Amino acid sequence: MEPIAHFKVFNGDLYRYKHPSKETKTDMVFAIFLPPQAATEPVPVLYWLSGLTCTDENFCQKAGAFRKAAELGLCIVCPDTSPRGLNLPGEHDAYDFGSGAGFYVDATNAPWSENYRMYSYVVDELPKLVEGHFKVTTQKAFAGHSMGGHGALVIGLRNPDRYCSISAFSAIAHPSMSQWGQKAFTHYLGENRELWQQYDATLLVGSAKTHLPILIDQGDNDDFFKQGQLKPEDFKTACQNSGYPIILNMRVGYDHSYYFISSFIDDHLTFHSNAMQVQ
């Protein structure tokens, strides 16, 4: 791994690293916050997945998470949202597909299938790298925002034995029924709707055998919520129908921005820390 930057924050350490990825066949960048407790003992890890157009830096600079993470002794890892530097045809033409919009799937359609393997990168490759190089435990949780909320829900539901808890802000909770999800899935996965189901939290939850704690916050003044891109109500209904307990907080007046995330990030960090202490 090649170090890019280091910042001291709340007596912990925030690093950015670049490394060659076997999954994406490109260099990938990630950020990692190590709380002060990591100097003397292994700490649990929260993986944060960001949304459309973001990199690893958005959360680090805007969420205001590190004070609470330092208090709780929680490591936070922030990967990028897609491979970079490929210049595939049409990759940079739209904000909601291609560069910065990997949707945390393993693409099956050419030309995306060669490099757009963000699901395997964040589920398998990145945790092995983190656990091999840093003083962390094997306790893990996933959280994310928007497209990253979609990723967190899908990854947790598909791999409940690997994680302690899941949380999301403004998640794309039913991508098969949203314009963002339909566009991404058609290009990355093709027209096979059975394959889409593997990456749709609302369609996955009914077959879940193990129930992880799930926390979702949604602002009622979120334009993308109003446009039907997120559909947390569909996910809640699917959970109720299958007996999967979740916490869905509708936050009056809040939008889709990091102002919203920073307002409630401490609640999410505490939620994950408590779940890790139980397991």
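Close-up 1. Take Cys54: the nearest cysteine sulfur belongs to Cys78 and sits 11 Å away, and Cys54 is in no disulfide. Cys54 is also buried, at a relative accessible area of 7%; buried here means under 20% relative accessible area, exposed means over 50%, and partly exposed is in between (1.4 Å probe, protein chains only). For Cys164, the closest cysteine sulfur is in Cys75, 14 Å off, which is too far for a bond. Cys164 is buried as well, with a relative accessible area of 4%.

A word on the model itself: it is predicted, so local features need pLDDT of at least 70 and side-chain atom pairs count only at pLDDT 80 or more, while totals for chains, interfaces and linings use all residues. Residues are numbered from 1 along each chain as its sequence is written, and side-chain values use heavy atoms, with hydrogens and water left out.

**Close-up 2. Helix H5 and its buried face.** H5 covers residues 179-189, and its buried residues are Trp180, Gly181, Ala184, Phe185, Tyr188 and Leu189. Look down the helix axis and these buried residues fall within an arc of 110 degrees, so they line one face of H5; the arc is taken from the directions from the helix axis to the C-beta atoms. Helices (H or I, at least four residues) and strands (E, at least two) are DSSP runs, numbered from the N terminus. What do the buried residues of H5 pack against? They pack against helix H4 (147-158), helix H6 (193-197) and helix H8 (223-226).

Close-up 3. Leu189 lies in helix H5 and counts as buried at 3% relative accessibility. Setting aside neighbours within four places in sequence, Leu189 is in contact with Asp106, Ala107, Thr108, Asn109, Ala184, Leu195, Trp196 and Tyr199, where contact means heavy atoms within 4.5 Å. Pro232 is another story: Leu189 and Pro232 are 43 residues apart in sequence and 23 Å apart in space, C-alpha to C-alpha.

**Close-up 4. The largest pocket.** This pocket holds about 170 Å³ of space. A pocket is an open set of points on a 1 Å grid over the protein atoms alone, where a 1.4 Å probe fits, with protein on both sides within 12 Å along at least five of seven lines; lining residues have an atom within 4 Å of a point. The volume is the space filled by probe spheres set on the points, which are joined across faces, edges and corners. Of the 13 lining residues, Gly51, Leu52, Thr53, His145 and His256 are the closest to the centre. The lining divides into 6 nonpolar, 6 polar and 1 charged.

Close-up 5. A cis peptide bond joins Ala110 and Pro111, with omega about 0 degrees. Pro111 has its place in the loop between strand E5 (75-79) and helix H3 (118-133). Asn11, in the loop between strand E1 (2-9) and strand E2 (12-20), has a positive phi near 65 degrees without being a glycine. Is Asn11 buried or exposed? Asn11 is exposed, with a relative accessible area of 62%. Lys231 isn't a glycine either, yet its phi is positive, about 55 degrees. Lys231 is found in the loop between H8 and helix H9 (232-242), and Lys231 is buried, with a relative accessible area of 17%.

Note on methods: Nonpolar A, V, L, I, M, F, W, Y, C, P; charged D, E, K, R; others polar. Disulfide = S-S within 2.5 Å.
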